[in-house]
Every structure is written in structure tokens, then in C-alpha cells.
Amino acid sequence: MQIRSIEEFEFHHTLEATPGLSIVFFTGVGCASCRHWKRLFETQPPDFPDLQLFEVDAERSQALTREFDVFHLPALFLYRDGQFHRPLQAEASPQGLQRAIELALELPSEEAP
């Protein structure tokens with residue numbers, strides 16, 4: 001799965017124009033867990049044909065990091081058809097991520113941060 005870097009100046013416009021499911025993935029250069037998640041996304045992506053993945057460097061895009069109240073990395077957020085759906089809490093495994101997305105989609109959308 002291709003991971004697209006996205007910065008705060010293009011963030012909202014890009015997500016609003018992206019159909020299907022999107023995961024926004026906040027990362028940091030020194031974050032070992034972030035590297036693990038990135039490898040997971042690249043080698044064993046969730047089984048959703050329309051899924052897009054966007055990576056936000058939390059240090060470079062501090063306004064977005066504050067907007068989403070990101071205090072720990074990595075942080076994942078699910079979007080559906082360009083609209084914020086909810087934060088994702090998942091075990092860092094293919095099955096854990098798949099199940100977290102499935103559960104999140106069964107729940108109603110939350111208000112965007």
C-alpha cells in the first residue's frame with residue numbers, strides 16, 4: 001500500500017476530495033512504533049479495496065497535531081468519503097487493524113476534532 005505524506009496546508013482539502021476510506025497516520029522521526037506501523041501498512045495492508053493512507057509528520061505539522069489532540073505517537077484517524085469518522089485504536093497487527101476498522105465502521109461518526 002502506498003503511503004502518501006500530507007501536510008497541514010493541503011490536509012483538509014485533500015481528505016475532503018478523497019472517496020472511500022482513509023486513514024490519517026500521525027508519525028514522528030524517532031518513533032519506533034511508527035516505523036512498525038508503517039511496515040505493517042506497506043506489507044500487510046487492511047483488506048479494504050478503496051483504502052487510502054495519509055501520513056502526517058507530527059513534528060513538521062504541529063498545527064494539525066494540536067488540532068487532533070495528538071499526545072502519543074503513532075495516532076490513527078479514520079475518514080469515510082472525505083469526512084472524519086473517528087479515531088482508531090488498534091493492536092499493531094494485520095488482524096488487529098482490520099478488526100478495529102470494521103468495528104469503527106459499525107459505530108456512528110464522531111465530530112471532527
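Colleague: Is Cys 31 buried or exposed?

Modeller: This is a predicted model, in which local features need pLDDT of at least 70, side-chain atom pairs count only at pLDDT 80 or more, and totals for chains, interfaces and linings use all residues. Residues are numbered from 1 along each chain as its sequence is written, and side-chain values use heavy atoms, with hydrogens and water left out. Buried means under 20% relative accessible area, exposed over 50%, and partly exposed in between (1.4 Å probe, protein chains only). Cys 31, at 11%, is buried. Cys 34 is buried too, at 3%.

Colleague: Which residues form a disulfide?

Modeller: The term requires a pair of cysteine sulfur atoms within 2.5 Å. Here Cys 31 and Cys 34 are paired, with their sulfur atoms 2.4 Å apart. The link is right-handed, with 80° about the S-S bond. One disulfide is found in a search of the whole structure.

Colleague: How many residues has the largest nonpolar core?

Modeller: Such a core is a set of buried Ala, Val, Leu, Ile, Met, Phe, Trp, Tyr and Cys residues joined through side-chain atoms within 4.5 Å. The largest has 17 residues, and Trp 37 and Phe 41 are among those with the most contacts inside it.

Colleague: Which helices and strands each supply at least two residues of this core?

Modeller: Helices (H or I, at least four residues) and strands (E, at least two) are DSSP runs, numbered from the N terminus. The suppliers are strands S2 (21-27) and S4 (75-80) and helices H2 (32-43) and H4 (94-106). H4 gives the largest share, four residues. A second, separate core has 15 residues, including Phe 26 and Phe 68.
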